[in-house]
Amino acid sequence: MEKTLYIIDDHVMVRNGLKSWLEENTDWKITGTASNKTECLNLLNNTESFNHPEIMIVDVCLGDETGYDLIKDITITHPHIKCIMYSMYDSNGYILEAKDCGAKGYISKSASETELAKCLDIISAGGTFVEERMQKAMSSVESILPFLTKQEKRVLEEILKGQSNEEISNTLCLSLHSVENYVSRLYDKIGVTNRLDIIAKFK
C-alpha cells in the first residue's frame, strides 16, 4: 500500500524542501501541499476519500490561521487522516495543545530529517510520537494533568508557551482576574511560588 502524505506550511521553501527530501530518501509520496487551512480543506474536499493522505504534516503557524484549528477540523471531519504538528516551537505548552487538538505526533523544525522519517513510520504503524529530547519534560507535565481542571490545564499550556496573564486573558477570553485565580491554583497544585518556577519545573 502506498504511503501518502500532505505537507501544510505557509512557507513554500519548507514545503518544497520536505517534499524533496522525503521522496528522495523514504518511501513516502507527497500527494498534496497547502499554505493554509482553507487551501488544505478545499484540497481534501475536492479529492476522493480513497485518495486522501494517510498522514498530514501541519505547521503551528499558517499565516493568520493556526495549525491547531486545522487539526481540530481534520480530527472531526476526516478522522482517518493522522496529523503531525511540525513547528519551530519546542515548549511543552505547544505540545500539550497539539495533543488536545488530536495530533498524533509533535516534532520541531530543528529535528533531523531522519527523526521526522522515524516519526512518520511510528505514526503510520498506529503509535504516537514526541521528539526524543522533549519526552522527559512531557512526562513530567503529564504527571500533573490528572489533578488539573480543564481550564487550569489550558492556562498551564499558555504559561508554558511563555504567555503573560494579560496574553492568556486575551487568548482564552477570560477576565484578567479569572486568569490570576487559575494561576494561583496552579502554583498550589504544582508546589511553586511563581511562573518562572513552573516553566523551569517542566522544561
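1. Start with helix α8, residues 165-172. Its buried residues are Asn165, Ile168, Ser169 and Leu172. Buried means under 20% relative accessible area, exposed over 50%, and partly exposed in between, with a 1.4 Å probe and protein chains only. These four cover an arc of only 105 degrees around the axis, so they sit on the same side of α8. The arc is taken from the directions from the helix axis to the C-beta atoms.

2. A word on the model and the labels. This is a predicted model: local features need pLDDT of at least 70, side-chain atom pairs count only at pLDDT 80 or more, and totals for chains, interfaces and linings use all residues. Residues are numbered from 1 along each chain as its sequence is written, and side-chain values use heavy atoms, leaving out hydrogens and water. Helices (H or I, at least four residues) and strands (E, at least two) are DSSP runs, numbered from the N terminus.

3. What does the buried side of α8 meet? The buried residues of α8 pack against α7 (150-160), α9 (176-190) and α10 (195-201). Contact here means heavy atoms within 4.5 Å.

4. Look next at Cys173, in the loop between α8 and α9. Its phi is near 55 degrees, a positive value in a residue other than glycine. Most residues other than glycine have a negative phi. Cys173 is exposed, with a relative accessible area of 71%.

5. Helix α6 (residues 132-144) bends by about 30 degrees at Met138. That bend is the angle between axes fitted to the seven residues ending there and the seven starting there.
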